[in-house]
Amino acid sequence: MSEIFGELNGAPAWVPAVLLVTLSLAAGFLIRFLLLRVIRYWQSRDRKLFKSLELHLRGSMFLFIPLLLINVGVNYINVAPRSLPFITTTLNIFIIMSLCSILIRMTNVAQDMLFIRYDINLSNNLRARKIRTQIMYVKKVAIVLLVFICLVLILLNFPAVRKFGTTILAGAGVAGIIIGFALQKSLVNLFAGIQIAFTQPIKIDDAVVVENEWGWIEEINLTYVVVRIWDLRRLVLPITYFTENAFQNWTRNNAQILGSVFLYLDYSMPLEPLRAHFEKVLSETKLWDGEAKVLQVTDTSEKTMTIRLLMTAQNSPTAWDLRCYVREKMIAFIQQNYPQSLPHVRATLAESAAEKPVAQKSSPNGDGA
């Protein structure tokens, strides 16, 4: 490289610099192209891994390799001594930022591979949901640490920072205390998130009832949780909500859900045909997991009796569909076979004594006057 740039000593000062940048970009594109070709070639061995590598590394290596080449080549061109520190510092900063970007994207590759291994689309996905929750939170913490280390390395490129490092660290300690008080709630949320990630009162895809709303845990972030409500709204709550307040978790230990349907029928409804049809309805649908089925009279009033139908499903969305399906089939059965047993109001008409006609008294003349 020194021989190439040595032949340009008589050229204007900007010519070697332009040539260096051009050659570095060309070499960078060539290396990037070859690397992507190798990744595509090896996709037949582990398609999912190399597909994820290609997806995430395609853009992140756009500047990293050319910057490394420029950083090496700048020592072989004539640069003004006053400008050299600025150029090298700028190159080091961009190299650090580019490397940080690559490492962050590699965490995405690791997450993709672990997500493939722990698939939450299976019926019995409790362990997968536990591990996914931890993976997502650890990834977010790792990204924060990488960004912090990147900022520290960037600051160390400035001589003033290295020279007065002890003084700056002492000042940073005092500033950290002040910032800690100012960001107290955010720090509480952060530590609450760490607690939730490992104690796991909630997990990704858990069915929960919070704030009188029923939905699924969609995201667990560093400081907040997103709950997907059944009607596709999103309920965003601070992560401390789940450590300080009571809430219902329907899938804490198992994805299986016990669904219930209530029917309000007249006392004339016979129970055995109703129970037989209920069992027939469950046996004909794949929504029922075959675990449990119960028909019970749970309450009575002066007008109707309350019949509760219990059934299990693999997960909460399936349980919702199963409840609707059973409700429709049972109502149709009663309408067709026992319409007289649907709820109705009984009334008894009785003639009161006050409304009875009063007999007229006859006058002595016999004219009733």
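This is a predicted model: local features need pLDDT of at least 70, side-chain atom pairs count only at pLDDT 80 or more; totals for chains, interfaces and linings use all residues.
Trainee: Where is alanine 197 found, and is it buried or exposed?
Mentor: Alanine 197 is found in helix α9, residues 184-199; helices (H or I, at least four residues) and strands (E, at least two) are DSSP runs, numbered from the N terminus. Alanine 197 has a relative accessible area of 3% and is buried, a word that stands for under 20% relative accessible area, with exposed for over 50% and partly exposed in between (1.4 Å probe, protein chains only).

Trainee: How far is alanine 197 from threonine 133?
Mentor: Alanine 197 and threonine 133 lie 64 residues apart in sequence, and 6.2 Å separates them in space, C-alpha to C-alpha.

Trainee: And arginine 132, what does that one touch?
Mentor: Leaving out residues up to four places away in sequence, arginine 132 touches Phe115, Tyr118, Asp119 and Ile120. Arginine 132 has its place in helix α6, residues 126-155, and is buried, with a relative accessible area of 14%.

Trainee: Switching to helix packing, at what angle do α4 and α5 pack?
Mentor: Helix α4 (residues 64-73) packs with helix α5 (residues 84-117) at an angle of about 150°, and their axes are 9 Å apart; axes are lines fitted to C-alpha atoms, for helices over the stretch in contact, and angles run from 0 to 180 degrees between N-to-C directions. That makes α4 roughly antiparallel to α5, since angles over 145 degrees count as roughly antiparallel, under 35 as roughly parallel, 65 to 115 as roughly perpendicular and the rest as oblique.

Trainee: Which residues meet there?
Mentor: From α4, Phe64, Leu67, Leu68, Ile70 and Asn71 meet Leu91, Asn92, Phe94, Ile95, Ser98, Leu99 and Ile102 of α5. The residues of this contact divide into nine nonpolar, three polar and no charged, where Ala, Val, Leu, Ile, Met, Phe, Trp, Tyr, Cys and Pro count as nonpolar, Asp, Glu, Lys and Arg as charged, and the others, Gly among them, as polar.

Trainee: How many bridges hold the pairs?
Mentor: Strands β6 and β8 pair over nine bridges, with leucine 263 opposite isoleucine 307 in β8. Strand β7 (residues 293-300) pairs with strand β8 (residues 305-313) over seven bridges, and these two form a hairpin with four residues between them.

Trainee: What about the sheet of five strands, which strands are at its edges?
Mentor: The order in that open sheet is β4-β3-β2-β1-β5, with antiparallel pairing, and its edge strands are β4 (234-238) and β5 (248-249), each pairing on one side only.

Definitions and conventions. Residues are numbered from 1 along each chain as its sequence is written. Side-chain values use heavy atoms; hydrogens and water are left out. Two strands pair if DSSP finds at least two bridges between them. Contact means heavy atoms within 4.5 Å.
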